[in-house]
Amino acid sequence: MRIRSIEWKKNKVIIINQLKLPEKIEYIECITPERLIEAIKKMEIRGAPAIGAAAAYTLALTAIKNRSKTKKELLKKIHEMAGKLKSTRPTAVNLFWAVDRILKIIEHVEGPVNEIVTAVVSEAMKIAEEDVKANKLIGKYGAELISDGDNILTHCNTGALATVDYGTALGIIRAAVEEGKRVHVYVTETRPKLQGARLTALELKYENIPVTVICDNMVGYVMQKGLINKIFVGADRILRTGHVINKIGTYTIAISASYHNIPFYVAAPTSTFDLETSINQVKIEERPSEEVAFCGNVRIVPEGVNIFNPAFDITPPELVNAIITEKGILEPPLDRAIVKIFNL
Ligand code: MRU
């Protein structure tokens with residue numbers, strides 16, 4: 001069984017409420033663009049490609065629910081919503097990429113209001129479908145890097161829930177298993193939102209793929225014990241230099257992997273690459289202190305104590321053995337491989 005994170009159905013967007021997993025499978029029907037924006041902010045839907053698709057569908061809902069009589073009015077509404085979307089989660093670039101892609105499409109629509117609506121909805125659907133196809137290809141290429149009997153470490157959630165379907169790093173593991181390879185997956189719990197413990201463990205359990213959850217601070221120990229021989233993670237933004245911005249903790253895993261000579265692989269679609277922004281311009285999302293102060297409903301940090309809660313970190317290219325994309329595997333030097341794949 002696999003759960004699709006987001007779906008467009010009869011002019012509504014259905015998402016699975018990821019905050020309720022693993023205890024409960026609860027779907028949210030988003031009828032308005034505002035509800036979908038709220039879901040992105042609250043992380044009811046999360047994961048770089050999934051929020052890219054959610055942003056595209058937010059604009060589709062904006063277009064379809066509009067009562068604008070003129071083209072000018074509709075374009076204004078879509079641009080306003082695009083601005084709101086861009087202020088939800090700042091780090092994962094897929095959201096910005098999807099919004100800009102739709103804004104670019106409507107720039108070229110000559111026809112009346114209904115033609116703009118059709119263009120936005122069909123582009124949003126295309127973005128979602130392309131993500132599934134990209135993940136399948138990432139899976140196919142990445143599975144070549146997995147051998148029968150591998151013990152793989154992964155971080156956060158990069159599966160069907162983090163994408164539109166199938167997954168990036170988890171998609172690779174899925175593809176390898178579909179090819180008949182036996183693997184064991186170690187999953188970091190991924191404090192503070194626990195995407196590894198709650199979501200990745202659930203996806204692997206559904207697929208009957210052997211899984212062991214560890215706390216984030218056990219990573220060095222399991223590597224030192226020889227329990228891990230490969231690492232696959234996803235990405236929220238990859239710079240032209242090959243720097244990988246991903247869930248907080250990724251950098252620490254990459255450093256430990258390098259010390260223990262364990263290959264560290266990153267999986268991401270080309271929609272996750274940001275060829276414009278320099279490392280100093282990247283905005284690392286800082287989330288509410290309550291996420292760290294509480295574990296579930298239990299306060300674990302005394303009231304009044306300072307808390308720092310960055311959601312992402314940056315792994316330098318020298319710690320990355322390869323990046324797997326839907327266009328193939330990029331090998332070091334990553335900056336040159338990126339130039340080549342994007343024909344820069
Ligand atoms: O804060 P999240 O849960 O949206 O962060 C998700 C991650 O960091 C994933 O590792 C990343 O988006 C890759 S998902 C295919």
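## The second largest pocket

Helix α4 gives the largest share of the lining of the second largest pocket, with 4 residues. The model is predicted. This pocket has a volume of about 290 Å³. It is lined by 13 residues, and Val93, Trp97, Phe273, Asp274 and Glu276 are the closest to its centre. Two elements, α4 (93-107) and β11, each give two or more residues to this lining.

By class, the lining of the second largest pocket has 6 nonpolar, 3 polar and 4 charged residues. Domain 1 (6-136) and domain 2 (145-341) each provide at least three of the lining residues.

## The largest pocket

The largest pocket holds about 350 Å³ of space. Its lining counts 15 residues, with Pro192, Lys193, Leu194, Arg198 and Gly296 nearest the centre. Here α10 (290-293) and β12 (294-295) are the elements that give two or more residues.

Charged residues number 7 in the lining of the largest pocket, alongside 6 nonpolar and 2 polar ones. Again both domains take part: at least three lining residues come from domain 1 (6-136), and at least three from domain 2 (145-341).

## Enclosed space

There are 2 cavities of 30 Å³ or more in the structure. The largest cavity has about 190 Å³ of space. Its lining has 21 residues; Arg46, Gly47, Ala48, Asn157 and Asp236 are the closest to its centre. At least two lining residues come from each of α2 (48-64) and β9 (244-247). Helix α2 gives the most, with 3 residues. The lining of the largest cavity has 9 nonpolar, 8 polar and 4 charged residues.

The second largest cavity has a volume of about 50 Å³. Among the residues that line it are Pro192, Lys193, Lys247, Arg287 and Glu291. Its lining divides into 4 nonpolar, 2 polar and 4 charged residues.

## Aromatic pairs

The structure has 3 aromatic pairs. One of them joins phenylalanine 232 and tyrosine 265. The pair is tilted, with 5.0 Å from centre to centre and 35 degrees between the planes. Phenylalanine 232 lies in strand β7 (residues 230-233) and tyrosine 265 in strand β10 (residues 264-267), so the pair links distant parts of the chain, 33 residues apart. Both phenylalanine 232 and tyrosine 265 are buried.

Phenylalanine 273 and phenylalanine 342 form another tilted pair, at 5.3 Å centre to centre and 55 degrees between the planes. Phenylalanine 273 belongs to strand β11 (residues 273-274), while phenylalanine 342 lies in the segment after α11 (334-341), 69 residues apart. Why does phenylalanine 273 count as buried? Its relative accessibility is 7%, and the cut-off for buried is under 20%. Phenylalanine 342 has 21% relative accessibility, so it counts as partly exposed.

## Charges over rings

The charged end of lysine 247 sits over the ring of phenylalanine 312, 4.3 Å from the ring centre. Lys247 also lines the second largest cavity. Arginine 174 lies over the face of tyrosine 166, at 5.9 Å from the ring centre.

## Helix α6

Arg174 is one of the buried residues of α6. Helix α6 (residues 169-178) is mostly covered, with 8 of its 10 residues buried. The buried residues include Leu170, Ile172 and Ile173. After α6 comes glycine 180, which has a positive phi, near 100 degrees.

Technical notes: Residues are numbered from 1 along each chain as its sequence is written. This is a predicted model: local features need pLDDT of at least 70, side-chain atom pairs count only at pLDDT 80 or more; totals for chains, interfaces and linings use all residues. Side-chain values use heavy atoms; hydrogens and water are left out. On a 1 Å grid over the protein atoms alone, a cavity is a set of points where a 1.4 Å probe fits but cannot get out, and a pocket is an open set with protein on both sides within 12 Å along at least five of seven lines; lining residues have an atom within 4 Å of a point. Grid points are joined across faces, edges and corners, and a volume is the space filled by probe spheres set on the points. Ala, Val, Leu, Ile, Met, Phe, Trp, Tyr, Cys and Pro count as nonpolar, Asp, Glu, Lys and Arg as charged, and the others, Gly among them, as polar. Rings of Phe, Tyr and Trp (its six-membered ring) pair if their centres lie within 6.5 Å; planes under 30 degrees apart count as stacked, over 60 as edge-to-face and the rest as tilted. Buried means under 20% relative accessible area, exposed over 50%, partly exposed in between (1.4 Å probe, protein chains only). A charge sits over a ring if NZ of Lys or CZ of Arg is within 6 Å of the ring centre and within 35 degrees of the ring normal. Domain bounds come from an automatic or database domain assignment.
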